[in-house]
Amino acid sequence: MAKREYSYYPGCSSQKGASSSNLMKSVDTMCEELDIQLNEIPDWNCCSASIGYASGSELPRLTLSARNIALSEEHNKNQEIVATCAACWLATKEAAERLKEDESMFAEANQALAEAGLKLQNNTPIKHMAEVIIEDIGLEQIRAGVKKPLEGIKIAGYVGCQTNRPFGIAGESFENPMYLDNLVESLGADACTTYEKKVQCCGGALAFSEPEKSQEMIKGIIEAAYDNEADMIATPCPLCQANVEIYQDQINERFGTKFNIPVVYYSQLVSVAYGRSASDAALDGQLVAAKKLEDIASK
Amino acid sequence: MSETNKATIEQYRNSFLSEVEANVEEGEWVKMCMQCGVCSGSCPLGKHWAHPPQEIFMMIRAGKRDEVLASDSMWMCTSCYNCVVRCPRQLPITHIMHGLATYAKKLGLVPQNQPTAKFAEIFWNNMMKKGRVNELKLGLSLYFKDGFGAGIKESLRNKDLGMKMMKAKRMAASEFFGGHGVKDIGGVQKMIQKAQEIEDARMKKFD
């Protein structure tokens, strides 16, 4: 496989000791297997996600993302930016597009960036890692590298919101994107293609500020996975993963349910299917153990 | 059109709509809403909005300034972008809702103890300290947002979850003392201050 190189924006939650450090670890493993070299953007900052808006208004928020793009253009020249977090990707891509459409805003962002000694060219494509897998590499090639097919595992592909809207993967529908199911199938597992909650919102940041309202939605997401006889839920989004996995005890308490379903990342699926260990696939980062994946990894 | 004509026309424009167009992120789109209601029907938290987006747009056009800006409706937005991709006229509804929230905050009109407004402020301040979010401190500030007693209670309620996250190495006690951050934090802070100044300078005054 030809070596691919990208400028990497991991984001706050993917750092060591943070809530999606298991995403970062499994992405590293997956990229080793797929011969992808990720060059971290030096000194990147938070994108302020979709919740900074109370105090951070439009130009300050766009400027935060502009700084990351400018750093990438300076240090990782001619490399496309790749993000693994839905919110990071969305904020960065949105900022790039907004600053392309609006020349005066672009000039203002550069005026602010000058305070940090930076200059934005804004001609760098901003990609999600899912686009790298689906578009740059392609599922044919992914399938060809599988060493341990994930046989006998039924997976509900939970794409979520921000990996899917408003940008998503080219050619996929917003209402019923198929690429995650297709990835699951190409790794040898069974996809729940009738999983109706695949693009349902988990509450996002409101899972923290409005837990009752959000947990009602998360309950629906998990219930539908059980209805589809899924063994586990798989997602590309760090906040979806956390929200759907870690509140299961609270949801059980609140609604009298008995949920205990693993929620994993697509990168963990790829890592195990490519023959890597449970630890390389960061399966030790689960709060609800993904037993069926562990079994295949230890075979 | 002559300047006099323009001025005459301005008088007949509802001033709150003009205010939103001038000062709210993507506010110039509000007049494009055709009142179909797809946004309201698509919102995952739709039933919790006192005034769903479609209504907010009409209220802006009807000049209901206080009702809109002091509403907690737009604080219900989860940023799921369902409305954005479904809107037949492609209004950037998510951004308009964020923009209204930002503007209401700037004017001091947010309802007291609105939880998402509080959390969003905590998030921004947390992030601006080191240029990256400190999740441990973010969680703790959220627990303690309603005072010390409530904070202890909320921390105890979430104790088991915290322990599990630590065990899974997805939360680190060391984050309490320092933690991750941007090296050029001085540059980031100056940059954001500058961006804020530029934006504030182009805000128009409305009475």
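In chain A of this predicted model, A:Thr235 stands opposite A:Tyr265, a residue of strand β8(A). Strand β7 of chain A, residues 232-235, pairs with β8(A) in the parallel sense, and three bridges connect the two.

- Four strands of chain A make up an open, parallel-paired sheet, in the order β6-β5-β7-β8.
- The edges are taken by β6 (190-191) and β8 (263-265) of chain A; each has a single partner strand, so one side of each lacks a neighbour in the sheet.

- Helix α10 of chain A, residues 238-246, lies across β7 and β8 of chain A. The helix runs at about 160° to β8(A).
- Strands β7(A) and β8(A), across which α10(A) lies, are themselves a parallel pair with three bridges.
- Helix α7 of chain A, residues 179-186, packs on the sheet and touches β5 (154-157), β6 and β7 of chain A. The direction of α7(A) makes about 160° with that of β5(A).

**The loop residue A:Met178**

- A:Met178 is located in the loop that lies between β5 and α7 of chain A.
- With 17 other C-beta atoms within 10 Å, A:Met178 is partly exposed. A residue would need 20 or more such neighbours to be buried and 12 or fewer to be exposed, so the count of 17 places A:Met178 in between.
- A:Met178 and A:Val159 are 19 residues apart along the chain, and their C-alpha atoms are separated by 9.2 Å.

**Helix-helix packing in chain A**

- Helices α2 (residues 58-75) and α3 (residues 86-101) of chain A pack with their axes 9 Å apart, at an angle of about 95°. This angle makes α2(A) roughly perpendicular to α3(A).
- From α2(A), the residues A:Leu62, A:Ser65, A:Ala66, A:Asn68 and A:Ile69 meet A:Ala91, A:Thr92, A:Ala95, A:Ala96, A:Arg98 and A:Leu99 of α3(A).
- Seven nonpolar, three polar and one charged residue form the contact of α2(A) with α3(A).
- Helices α9 (residues 211-227) and α11 (residues 248-255) of chain A cross at roughly 100°, and their axes come within 10 Å.
- On the α9(A) side the contact involves A:Gln215, A:Ile218 and A:Lys219, which meet A:Gln250, A:Ile251, A:Arg254 and A:Phe255 in α11(A).
- The contact of α9(A) with α11(A) comprises three nonpolar, two polar and two charged residues.

**Architecture of chain B**

- Chain B contains twelve helices and zero strands.
- The C-alpha trace of chain B spans about 70 × 40 × 30 Å along its principal axes.
- Chain B has 207 residues, of which 42% are buried.
- Of the contacts in chain B between residues at least 6 apart in sequence, 60% join residues at least 24 apart.
- The domain assignment divides chain B into domain 1 (3-111) and domain 2 (115-198). The C-alpha centres of these two domains of chain B lie 30 Å apart.

**The interface between chains A and B**

- At the interface, 53 residues of chain A are in contact with 55 residues of chain B.
- Six elements of chain B, namely α6 (82-86), α7 (93-106), α8 (115-130), α9 (135-143), α11 (159-167) and α12 (185-201), each supply at least two residues of the side that touches chain A.
- The side of chain B that touches chain A is made up of 27 nonpolar, 14 polar and 14 charged residues.

Key: Residues are numbered from 1 along each chain as its sequence is written. Chains are lettered from A and ligands numbered from 1 in the order in which they are written. This is a predicted model: local features need pLDDT of at least 70, side-chain atom pairs count only at pLDDT 80 or more; totals for chains, interfaces and linings use all residues. Two residues are in contact if their C-beta atoms, placed from the backbone, lie within 7 Å. Ala, Val, Leu, Ile, Met, Phe, Trp, Tyr, Cys and Pro count as nonpolar, Asp, Glu, Lys and Arg as charged, and the others, Gly among them, as polar. Two strands pair if DSSP finds at least two bridges between them. Axes are lines fitted to C-alpha atoms, for helices over the stretch in contact, and angles run from 0 to 180 degrees between N-to-C directions. Domain bounds come from an automatic or database domain assignment. Angles under 35 degrees count as roughly parallel, over 145 as roughly antiparallel, 65 to 115 as roughly perpendicular and the rest as oblique.
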